[in-house]
Amino acid sequence: MSARRLAAALLLGLGLAVDAAHGAVSQEAPASLLVFPLVRVDASAGYDTQIQLANLGEAAQTLRCVYAPADLDPAARLGFHLRLAAGQPVAWAASLGSADLPDGVGDIPALPASGFTGTLRCAATLADGSTPTAADVLSGSAILLRRGEVPDAASYPAVGFAATGASADTAEVLVLGGPMAEYDACPAEIGLQPLLDATPLGLGADGVLQLESATTIAIATCSSTPIGGAQASVNISVTNEFGQTLSTAKSVRELLVSPLSRLDTSVPRNSIFYGPTSGSPSGNLRISGGSSGVLALALTSYVDPAAPTAPAHEAVVHAQPLGTRELPDLVDLSLPTPAPSCTGDCNGDGEVTINELITGVNIALGSAPLSQCPAFDANGDDNVAINELIAAVGAALEGC
Amino acid sequence: MHRILLSLAALALFAASAGAQVSSERGASVLIFPKVVADSSADTVLQVTNLSGVRVGVFCSYVDGTDGWAATSFTLRLEPAQPLSWSAARGREAGDDNSVPPAPAGMRGELLCVETDTAGAPAGDNRLVGQATVAALADADLFSYAAVGLQGSGFNDGDDVLCVGGDVSDSCFIGPEYDPCPAEWLITHPAAGAGQPQGDGTVTPRVAITPCSQNVRDADPATVDIDIAVTNAFGERFTGTQSVTCWADLSLGDVAGGLFDRAGVGSDVVQTSLKPAAGSGGFVLAVEAEYRASGGAVQARAGLAPLPRGAGSGADLIVLPMGRP
């Protein structure tokens, strides 16, 4: 080896050392912010999601979490806090919330059984539950469950964003990447290698099981806002087993869940992700966002071609976060501001009547339970005090 | 002199990669698929993808963990960004360079794939990712996992002895050619026999373990000793040990005297740490959760992603049946 080559190797080593100091999101390292790109609950379809979280640190850690619905319904955007002891793991079914959690962990709302498809983000905070903090100790995963005739389970790891230690702005807006980064930048691209849709599969030594592949893909924006939603113009390229590369573009607002071969067309056999058309069983997908970075998850099932819509088992296609975005992404964990409440408005009709005032007096005197009209308990101390009665009288006279 | 220069340059590169660890989400040079099944109960769909923009060679060996560590080897050549998939039971018939033989009949074991250069010698440019989907033949129940990737250190002497972590030695005169195996694996998972959410069945995890040291050429399997620590949802900690020779696919209900049992640990979810015992080599694993009906039959499976933590301090050797000096 010449001295020049040795010097090049030493310089390369130095370069790698510098590069290694730069953070990148990961599904396999503890982090300060966890993103679950797909949470689904639907009692009619048997869907539920079990969330697993663990504090891998040596001290207790508080978290602030927000469920964000794909349809941007403000009523379905739910926030909650958790406090995990050192080393403590917890798990809950999204449809049930915190029903089975140990005391003191927190109060997790149940997602509506009528249906929820969205994301979950959890950030480490100070003990106040609102101030984000750098604590790369969180690890998480989700298990997508289905009950019914063909029960199923498929698990994926949460995407972790390590904190930079900087604090750039307001507490509820997290800055991912960019010059004011509070957390790792979103990946420049996501790599996924699913089987292309409708690829024939002969499994077993004699091909005893003849099936076809079907993949569902979820693409979530790295940025998230409670009103209007973050939007990304997403580019998706696919390289097939013959080395041919094709691409398409799709607009995504917060979260898109779609069959793979309906991403680019309403007629799957015309899709660039349709196996029989390309003649290739598998594809190497590269997914990148424009104004927002994106995260992605794919679920593959092997279906009976004679009954393609029958429930089938699913498995997660493992994603690779590739590179880092130069542009920042902003995650707003705030919740919609609730409408102003009116003390004494028991039925929520926007006014306080004489009957409601009498109910309030009875609760204050102890002759009626608070459950008859919790709207009198303005400060949440489980009592109705004289000032709360006066506020209700004021609302009756002057309006809410 | 040549060896000294190589060692110095390798030392610089090793220092640069200090702290690097195995990964299933980045390009790597050695892929280990810890669980491949091709028997009467299941088949495995295997995928290897070239993430880079250049052509890359791959040398792979199926290693049967139930049949004396017997190996069946083949090579691939992947164009830029090219994915490749095949059924382990049936292999891949192709008119190109990528024919894959079927795995040995009844195989239960691992698949090991190594990036190679144009001459077929092991290389370390970190261009490969892989995944496996194990499908039950009875009901097409699936679980998947990403192959464990060992990244190249940047220096490789090109022989068929792969130096994984460690220092300069007689077998590894330029030091480590690949990242060391992890110092620890962490898994958050259901306890063995945990209740299913809103169901009357149970969940029990399984783990397939293969030592990082493996002499595939001479069919000489290694043994690893594993220290286990389990933390329940109340922060209580339980410990045990487990040894694995060659390869093992274990139900956690049968490990370490019931250490993982729901009745013993007292919570449905636990956090498990698996570490090589003092003096033991490293290991890699694939984890799945089996969902069983109240009658005991498996209804569904889910792959669980373990977290690798830290770099193991020991040296592991992988000896390939390549016939290279």
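## A walk through the two-chain model

Of the 198 residues in the largest nonpolar core, those that touch the most other members are Leu176(A), Val294(A), Ala296(A), Val36(B) and Val58(B); a nonpolar core here is a set of buried Ala, Val, Leu, Ile, Met, Phe, Trp, Tyr and Cys residues joined through C-beta atoms within 7 Å. Strand E18 of chain A, residues 294-303, gives the most to this core, with 8 residues. A second, separate core of 9 residues includes Cys342(A), Cys373(A), Ala392(A) and Ala395(A). In soluble globular proteins, nonpolar side chains tend to be buried together.

This is a predicted model, in which local features need pLDDT of at least 70 and side-chain atom pairs count only at pLDDT 80 or more, while totals for chains, interfaces and linings use all residues. Residues are numbered from 1 along each chain as its sequence is written, and chains are lettered from A and ligands numbered from 1 in the order in which they are written.

Chain B holds 2 helices and 22 strands, where helices (H or I, at least four residues) and strands (E, at least two) are DSSP runs numbered from the N terminus. The radius of gyration of chain B, taken over C-alpha atoms, is 20 Å, close to the 20 Å that the globule rule gives for 325 residues, so chain B is as compact as a globular protein of that length; the rule is 2.2 Å times the number of residues to the power 0.38. Buried residues make up 60% of the 325 residues in chain B, a residue being buried if 20 or more other C-beta atoms, placed from the backbone, lie within 10 Å of its own, exposed if 12 or fewer, and partly exposed in between.

Two loops of chain B contain a residue other than glycine with a positive phi. Ala140(B), in the loop between strand E7 (128-136) and strand E8 (142-146), has a phi near 55 degrees and counts as partly exposed because it has 18 C-beta neighbours inside 10 Å. Cys246(B), in the loop between strand E16 (237-245) and strand E17 (248-251), has a phi near 75 degrees and is buried, with 22 other C-beta atoms within 10 Å.

Where the chains meet, 67 residues of chain B are in contact with 70 residues of chain A, contact meaning that the C-beta atoms of two residues, placed from the backbone, lie within 7 Å. Helix H1 of chain B, residues 2-16, gives the most to the side of chain B that touches chain A, with 9 residues. In chain A, Gln88(A) sits in the loop between strand E4 (78-84) and strand E5 (89-93), and, leaving out residues up to four places away in sequence, Gln88(A) touches Ala54(A), Asn55(A), Ala233(B) and Gly235(B). Gln88(A) counts as buried because it has 26 C-beta neighbours inside 10 Å.

Just after H3(A), Gly366(A) takes a positive phi of about 85 degrees.
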